[in-house]
Amino acid sequence: MNGRERVLAALAGEPVDRTPTCTPTSVATVELMDLVDAPFPAANRDAELMARLAATSYTELGFDTIMPVFSIIQDSSALGCEIQWEGKDNWPTAKMTRPIWAEPEDVTIPSDFLTHPDTKCVLDAISILKREYGDEVAIVGKTMGPWTQAYHCFGVEKFLLLSYDDPDKTRQILDRLKTATVDFGRAQIEAGADALTLPDHATGDLVSAKYYDKYLTDLHREFANELEVPLILHICGKTTEFMDYISQTGFAAFHYDSKNNPKESMEIVHGRLALVGNINNPTTLYSQGPEEVAAEVTANLEAGVPLIGPECAIPLQTPIDNLRAIPETVKAWHREHGSN
Amino acid sequence: MADLKDIANETIRDEITEFVEREDEQEKMIDLFAAVTPQMQNIAAALIEGENDEVDELTKAALGDGIEATEVMDDGLIAGMAIVGIKFRDNIIFVPEVLACARAMKAGMTHIEPILSESGIEAVGKVVMGTVKGDLHDIGKNLCTMMLRGAGFEVIDLGVDTSPDDFIDGLEENDAPLLGMSALLTTTMPNMGRTIEAIIDAGMRDDVQVMVGGAPVTQEFADDMGADGYGKDAIDCVELAKQLLSELRGEEAAGA
Ligand code: B12
Ligand SMILES: [Zn+2]
């Protein structure tokens with residue numbers, strides 16, 4: 001099996017020759033930027049540089065996927081949010097202190113949403129990657145969910161308060177934002193994406209599992225129906241209590257955080273979807289060494305987690321050797337345990 | 001020691017028995033609420049339930065009845081916030097609910113603040129708070145700010161993406177003895193250390209106590225970069241602020 005076949009099989013719950021390594025969120029680092037001369041912020045705005053930096057997850061690190069969207073704001077920018085692009089050593093963000101919308105009626109998807117430079121850049125990068133690596137590795141796209149978009153467009157605190165005060169308005173907003181998620185997702189599929197990450201930050205540290213169910217289970221089910229490639233939901237934080245709901249959405253996979261125990265999480269999802277993760281970023285990948293990384297990879301393999309990778313966008317100063325330790329450990333583990 | 005039945009308000013009694021799990025904290029809360037009037041308990045209960053209109057009315061009414069502004073603030077609003085802080089720390093409520101309680105707190109404080117500033121009652125202390133350069137995460141910092149205000153501190157909130165120079169300006173302009181920095185990104189954590197260096201270069205280090213926090217920050221990291229204290233949550237932040245302030249005042253007294 002090659003990387004692409006392996007990833008798609010694992011996402012479909014089918015047998016694999018070895019556990020695939022997967023990067024649903026960014027693995028870009030400053031070191032990798034230097035290595036291929038594709039630094040931030042240019043690599044977030046220029047398709048050729050974006051593709052070049054993204055490809056390093058395969059060419060330099062040895063993962064089975066390439067995912068070119070390093071931030072969570074490309075689509076927000078096309079919706080009209082003001083973006084702080086930052087420098088080489090930080091991610092870009094939407095200026096949430098200056099919300100662009102206040103009421104559900106304000107939500108309109110601009111007619112140039114898919115031709116805007118910051119969405120088009122992603123589409124072009126995916127085309128390049130598909131052409132150059134599409135036969136060997138899985139090309140994963142990324143389209144943001146409506147909950148995250150609402151943070152960016154309405155302001156986080158304003159939106160969270162609205163969700164407390166007025167469930168109807170909240171649902172209207174999410175419903176109107178849905179189109180952006182679907183349209184950008186479809187355009188990426190057309191450009192060559194084999195799968196899509198769908199981050200939606202109803203994070204465990206911010207809202208309860210009941211909240212997820214109240215606002216997002218049904219909506220996420222719609223995405224699973226409307227986007228015809230495997231979808232990887234990304235929600236950071238402690239989400240153990242969300243997992244039963246998430247397993248009912250029809251998503252192919254859930255990208256889970258290190259705050260959740262691999263074994264316990266596997267028991268909850270119970271074969272209804274694949275888990276991807278959950279190597280800790282700030283402590284392990286960023287500040288420890290390959291040995292500690294290997295220990296977490298092994299814990300995931302032993303728990304039967306079907307795709308292995310970091311828990312979320314890795315810190316930009318993460319040492320390359322720690323990242324390489326993920327695919328290396330997976331391969332070594334399978335050599336030791338014999339593959340099927 | 002007080003007893004649960006010394007508390008008149010049913011909501012408060014339920015909140016304490018259902019949600020305050022640690023025994024020492026439960027005792028502390030019972031003592032706290034048993035000692036305040038039913039009218040103050042009602043304000044606290046409305047705050048815990050996030051009812052800002054009710055807090056607004058009850059506060060106005062209490063002040064109208066001639067109750068001291070400080071009593072309404074301490075025994076009503078701040079007491080209510082103590083339970084909110086515990087529930088948030090223990091994952092019983094989450095950010096939307098806390099934001100609603102903060103809004104209720106604000107509704108009450110709008111009536112209290114003008115009276116306090118008129119009567120010249122001094123804040124417990126002044127704190128400059130901000131999220132460091134390059135970092136736009138502010139939910140945690142805002143909760144800390146709110147709890148500090150709830151505990152009687154005057155907080156100058158510099159917002160997000162705050163450069164070392166902005167921090168220094170904020171400290172100087174307000175003559176504040178305490179600085180609180182928040183960072184949620186490993187990429188921006190070093191900016192805490194850079195700010196501390198800038199404070200040293202500005203010759204202000206002896207006059208300012210620095211506390212730091214945010215999910216990726218640890219005690220070890222705080223020590224390494226020369227901060228005076230680290231707090232893991234908003235309750236901690238308030239305790240730390242009090243402690244650092246008394247250390248500073250102690251030193252002043254000793255030096256004088
Ligand atoms: C909400 C959130 C966002 C929101 C921010 C909204 C806002 N206005 O704050 C959005 C979606 C916009 C966002 C954007 C990004 N985020 Co973000 N985000 C989070 C998330 C999910 C929760 C943070 C939070 O608010 N927690 C709740 C609050 C209450 O907790 P807290 O902040 O820790 O604060 C408490 C304590 O720490 C303490 N405290 C806080 N400050 C202080 C200060 C003092 C003095 C003291 C004493 C105590 C104290 O008290 C608080 C109350 O108890 C975390 C994941 C997580 N689980 O932490 C990721 C996370 C912080 N984000 C992350 C990333 C990567 C990003 C992005 C780069 C994403 C991207 N790829 O584009 C951008 C960067 C933006 C930027 N430049 O700042 C990573 C950081 C990785 C790393 N370690 O470097 C995290 C950890 C996710 C992960 N698992 O990897 N994010
Ligand atoms: Zn994440």
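Guide: What follows starts with the contact of chain A and chain B and then moves to the parts behind it.

The model is a predicted one, in which local features need pLDDT of at least 70, side-chain atom pairs count only at pLDDT 80 or more, and totals for chains, interfaces and linings use all residues; side-chain values use heavy atoms, with hydrogens and water left out. Residue numbers start from 1 along each chain as its sequence is written, while chains are lettered from A and ligands numbered from 1 in the order in which they are written.

The contact draws 25 residues from chain A and 19 residues from chain B, where contact means heavy atoms within 4.5 Å. The size of an interface is often given as the accessible area lost when the parts come together. Between chain A and chain B about 1900 Å² is buried, and carbon and sulfur atoms give 64% of that area. Buried area here is the accessible area, taken with a 1.4 Å probe, that two parts lose on being put together, summed over both.

Side chains of opposite charge can pair when their charged atoms come close. One salt bridge is found across the interface of chain A and chain B, the term being used for a side-chain nitrogen of Lys or Arg within 4 Å of a carboxyl oxygen of Asp or Glu. The two partners are Asp165(A) and Arg103(B), with 2.7 Å from N to O. Across the interface of chain A and chain B there are also seven residue pairs in polar contact, both residues at pLDDT 80 or more. A polar contact is a pair of N or O atoms within 3.5 Å; within protein, one must be able to donate a hydrogen and the other to accept it, and residues adjacent in sequence count only if both atoms are side-chain atoms.

On the side of chain A that touches chain B, β3 (93-94), α7 (156-165) and α13 (281-287) of chain A each supply at least two residues. Helices (H or I, at least four residues) and strands (E, at least two) are DSSP runs, numbered from the N terminus. Helix α7(A) gives the largest share of this side, seven residues. By class, the side of chain A that touches chain B has 13 nonpolar, seven polar and five charged residues. Ala, Val, Leu, Ile, Met, Phe, Trp, Tyr, Cys and Pro count as nonpolar, Asp, Glu, Lys and Arg as charged, and the others, Gly among them, as polar.

Next comes the rest of chain A. Its open sheet has seven strands in the order β1-β4-β5-β6-β7-β8-β9, paired in parallel. Two strands pair if DSSP finds at least two bridges between them. β1 (65-66) and β9 (307-310) of chain A each have a single partner strand, so these edge strands each have one side without a neighbour in the sheet. Within the sheet, three bridges join the parallel strands β6 (residues 231-234) and β7 (residues 253-256) of chain A, and Leu233(A) has Phe254(A) in β7(A) as its bridge partner. Strand β8 (residues 274-279) of chain A holds Asn278(A), and a cis peptide bond, with omega about -20°, joins Gly277(A) to Asn278(A). Another cis peptide bond runs from Phe40(A) to Pro41(A), with omega near -5°; Pro41(A) sits in the loop between α2 (30-36) and α3 of chain A.

Chain B is divided into domain 1 (10-119) and domain 2 (126-255), with bounds that come from an automatic or database domain assignment. The centres of domain 1 of chain B and domain 2 of chain B, taken over C-alpha atoms, are separated by 26 Å. Ten residues of domain 1 of chain B are in contact with nine residues of domain 2 of chain B. The area buried between domain 1 of chain B and domain 2 of chain B is about 830 Å², with 85% from carbon and sulfur atoms. On the side of domain 1 of chain B that touches domain 2 of chain B, α5 (69-89) and α6 (95-119) of chain B each supply at least two residues.
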